[in-house]
Amino acid sequence: MEVLTTGTKAVVTRTANRRSEGPVRAPRQGGVRRAVWVGAFLAPAVALVAALLVVPFAVTAYRSLFDDNGITARFVGLANYRSLLTDPDFGRSLLNTVMWVVGTLVLPVLLGLLLAVLTHSVRWGAVARTAVVIPYALSGSATALLWTYLLKSDGAVNQTLSAVGLGGWQQDWLLHWPLNTVVMIVATTWQSTGAALLLFLIGLQTIPAETIEAARIDGAQGLQMFLKVIVPQLRPMTVVVVGMSIVNSLKTFDIVWLLTQGGPGTASETLALTMYRQTFTLNRYGYGAAVSVVLTAVVVAASWLYLRRQVQPQRGGAA
Amino acid sequence: MGLIDLSRTTSRRALLASSFAGAAGLALSSCARGTLSRPAPADVLSLFSDNPSWNSGFQDAGRQLSRLSGYRLAPQGVPNVSNYQQIVRMSAQTDSTADLIKWWNGYRLRDVARAGILADVTAAWDEADRRGWCRDPALRASFTSDGRQYGVPLYKSYYAVFYSKPLFARLGVDVPTTWQEFLHIVDTAHARHITPIAAGGATSWESSIWFQQLVNGLDHDFYLDLTAGKRSYTDVPCRQAMEVWSDLYRRGAFSSPDVSVSDLPGRFTQGRTAMCLYGTWNTGALLDAGLKNADLGAFLLPPPPGGNRSVVVESGVLAVSANAHKRQAAEATARAWLDPSVQRAWTGFLRDTSADPSVVPDVGAVREVVAQVQKEHVPQAVRYWEASPPVLIEGNVQDLSAFMIDPTPSQAAKTVASMQRRAEKEWKAWKS
Amino acid sequence: MTGRVVRHVLVALVSLLWLLPTWLVVVNAFTPTKQYTGSPRWWFSSWGLFRNVRAAFSSADVGQGLLNTFLYATVGAAVAVVIAALASFAVTVMPIRRPGIWFWAIFIGTVLPLQTFLSPLFTGYARTGLYDTQYGMVLVYVALTVPFAFFVNRNFMMTVPREISEAAQLDGVNWLRMFLSIHLPLARSALLAAFIFQFTWIWNDLLFGITLSLSPNVRPVMATLADLSGNYSTVGPPAVLAGALVASVPTVVLFFVFQRFFVNSLRLTS
């Protein structure tokens, strides 16, 4: 504690001396001291991520060079990656994954944004928000059971269609590609729009009331206000929502696994399911690891492309 | 913003933060180790299974076992089958493995036995043979890898057609003895807008049920050769089986392929479905879900024209882990497993048949099947799921699921061609 | 005027669309197992919920699972949010060389596919004695939830005007005090949101629950509930649904309680 106090005093003196020279951008502390501070703030997060996530991933990546059945392993170099390229199922699951990325960017993100803004201007918006957020709180198994109820051949959707005289529109929703991927994206929209909605609401809180007021005085209204003022001001949160949407959709696993197990055949498989099936159903740990390395490369590339301008923070007004 | 104000709020926040940290620390220090992964008490053997709802059955059997071998069972269930397989494989080489492991027979057993994670229990089979508990060379062969046995039979199930007795009475039909009679029931039910047969499998292993039934029913020897990799999926009997299957679909014999077996009790009770071809191991679940013993019947499906009567058999495996903490005790328990007193306790819970033909549970449907098998000396075949290398089966089952979505003759041709391509590739991989 | 009508109709329509499936969950959890046929019901046929819940609780140790999950979700999410807040303060406010690299060092945790961790983590946990322990579960949940909490907090802290921290610096405040008295309170809505999201994530996790734990006194509730469903289920889908409904009550309540918090101080239109 003594040391800290002295340090603080030193900072005070030094910053006081520099005050006349313009805005201070960083505390002038000793390099070592600064490193210790930074280290103390960063270390827990970095250490946890490294030890429990990055290292296990590295182990898996190393495994992709082996022909490994989970019990015994034989080094095969890049053979797993070569057979990946010639696997027709791999192309299909890549295509499905792309559908998921596009679908969840269009539906939950856009709907979340619209609903966040819309429910503000409606007095009973809280009711609507609750309706949209509840599904996010439900567990995956409840969601899967529910959507099975809705989508199976004698399920609620088909029952309703025939009850209202649209029997001709009945479908085997989960049994044919690409319909099954599309309806599963809809199911995910139902579940995850609430999350996007909440994040956008937090973003809306950061917009200063003066900004809105100033725009209103300038005559901005309705759609114009939305596009010209609210959307740009929401950018930091949009980055979070879109960034997570890209990452999560590339990793889509749970809902597909619970509703179709990637089937019929391998029709609705995503990359994460291909990896899971190869690793844990077929016990080809090496091949599954190769799929996961490819998947990770895709996710890293996609999120880097999206986030690279975000990573260097544009620092407030002082920058 | 003054320094003094700041430090005051800081100390309050620091207090809050430290009390929070303290609470978290307290919560963590009260954290527990799992009761099951602690070293088990001296007279208890741990048992891994993929079915938590069997735990009380294992405990019943364990009480009988403790009189014979001195050890009770502590079952540990992992609910998801692929997670279960993965945990068994991963834990096999660590200290966290169980003493006893539930597994599958046939090639699934060979797959892990040749990796060396299971103990040799040939002595248990010798003893069962000597005491007359189980003298079944075909069954024993499906527990064998390189001439030694690596597990004892947990149960022995037959694939039979379950049917609703009240509904059969209402339709005015009887248990079929020929394929024609069977088709007559299908047509009668269909004409009354009742689903004749519930058959799931759009996204599960259940797509292999009708395939194995029809191939084995048409030509039992061919089925044995096909699953042993000696014949082709494009050979006549296999193509014929697909034709019969496709034809049944055309007659409206089957439900939509996304039906689930857990819907069956309600469908039977409400008279919406007449029959379902399934393993007898599911009998207990059907009865627990509310079907009455008196209303549930079962029969062996008559062979299609040109075929002979034969039945598909499924048998679970009780294996001893090579790394077991109490390997000696586990081996002794495996030897005692087929003792009739243990089997009675266990099958009484399961309401399924034992590998010991003298132990039959008191359930009408199961008794009917067993009586038919014993009276007619029906030849038996290992279920498709275990009858070939696992990777081949998993892929072919997916092909069959795709066929069930589109059960046309042209799709049938594509399906057998794809299955054969995979067979050639995977048999080579298996033997390498 | 028409704009307002359109808005009302849109919001009403969306709420209805979202509530319909939720309604189905509730109604079908009330269906007695014996009357269940696989097709959903739209209206209550009886008050079978309590029998279904009892079936769920007696077939699997759901009560103990709920306690375990409560511990993991509360402690795990709280610790993760604090750690994430520290790290986001470091990369947004503190003078740090190459913040981009540190950002990615933590953010990478959200990028990696979860299924890749299972096998190595299991082996690592089994070797270090963390397998099937409550502290092992808390540890893995903290690690899994730090990256997203960090991402949210960091992006929120970037909106904090630079002048505030500079003023504090001029007053000679050390980093910890600056963090505790300025940035932590300012970011509280982001922190709370991150906590709620991560609480929900941990609460609903199944994958790590069934992989890294085994005993009833360690297993989280979703893993316990999974015991009910599956191929050999003996209790029937309505009981599974009833169990899932009961297990979801805490997260729904959490969202409901904090709903007000997300929207206060917002005045976009009149």
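**Exercise 1. Determine the handedness of the crossing of α9(B) and α11(B), and characterise the packing of these helices.**

Solution. The crossing of α9(B) and α11(B) is right-handed; a crossing is right-handed if the near helix is turned clockwise from the far one by less than a right angle, and left-handed if anticlockwise. The structure is a predicted model, in which local features need pLDDT of at least 70, side-chain atom pairs count only at pLDDT 80 or more, and totals for chains, interfaces and linings use all residues. Residues are numbered from 1 along each chain as its sequence is written, while chains are lettered from A and ligands numbered from 1 in the order in which they are written.

Step 1. Locate the helices: α9 of chain B spans residues 207–218 and α11 of chain B spans residues 236–250. Helices are DSSP runs (H or I, at least four residues), numbered from the N terminus.

Step 2. Consider the axes, which are lines fitted to C-alpha atoms over the stretch in contact, with angles from 0 to 180 degrees between N-to-C directions. The two axes come within 9 Å and cross at roughly 125°. α9(B) and α11(B) are therefore oblique to each other, given that angles under 35 degrees count as roughly parallel, over 145 as roughly antiparallel, 65 to 115 as roughly perpendicular and the rest as oblique.

Step 3. List the contact residues (C-beta atoms, placed from the backbone, within 7 Å). α9(B) contributes B:Trp210, B:Phe211, B:Leu214, B:Val215 and B:Leu218, and α11(B) contributes B:Pro237, B:Cys238, B:Gln240, B:Ala241, B:Val244 and B:Trp245.

Step 4. Sort them by class: ten are nonpolar, one is polar and none is charged. Here Ala, Val, Leu, Ile, Met, Phe, Trp, Tyr, Cys and Pro count as nonpolar, Asp, Glu, Lys and Arg as charged, and the others, Gly among them, as polar.

**Exercise 2. State whether A:Leu53 is buried or exposed, and identify its contacts.**

Solution. Step 1. A:Leu53 belongs to helix α2 of chain A, residues 31–63.

Step 2. A:Leu53 is buried because 25 other C-beta atoms lie within 10 Å; the cut-offs are 20 or more for buried, 12 or fewer for exposed, and partly exposed in between, with C-beta atoms placed from the backbone.

Step 3. Apart from neighbours within four places in sequence, A:Leu53 contacts C:Gly109, C:Leu112, C:Phe117 and C:Ala143.

**Exercise 3. Describe the division of chain A into domains.**

Solution. Step 1. Domain 1 comprises 56–86 + 281–310, and domain 2 comprises 87–269; such bounds come from an automatic or database domain assignment.

Step 2. Taken over C-alpha atoms, the centres of these domains of chain A are 29 Å apart.

How values were computed:
Helix = DSSP H or I, 4+ residues; strand = E, 2+ residues; numbered from the N terminus. Contact = placed C-beta atoms within 7 Å.
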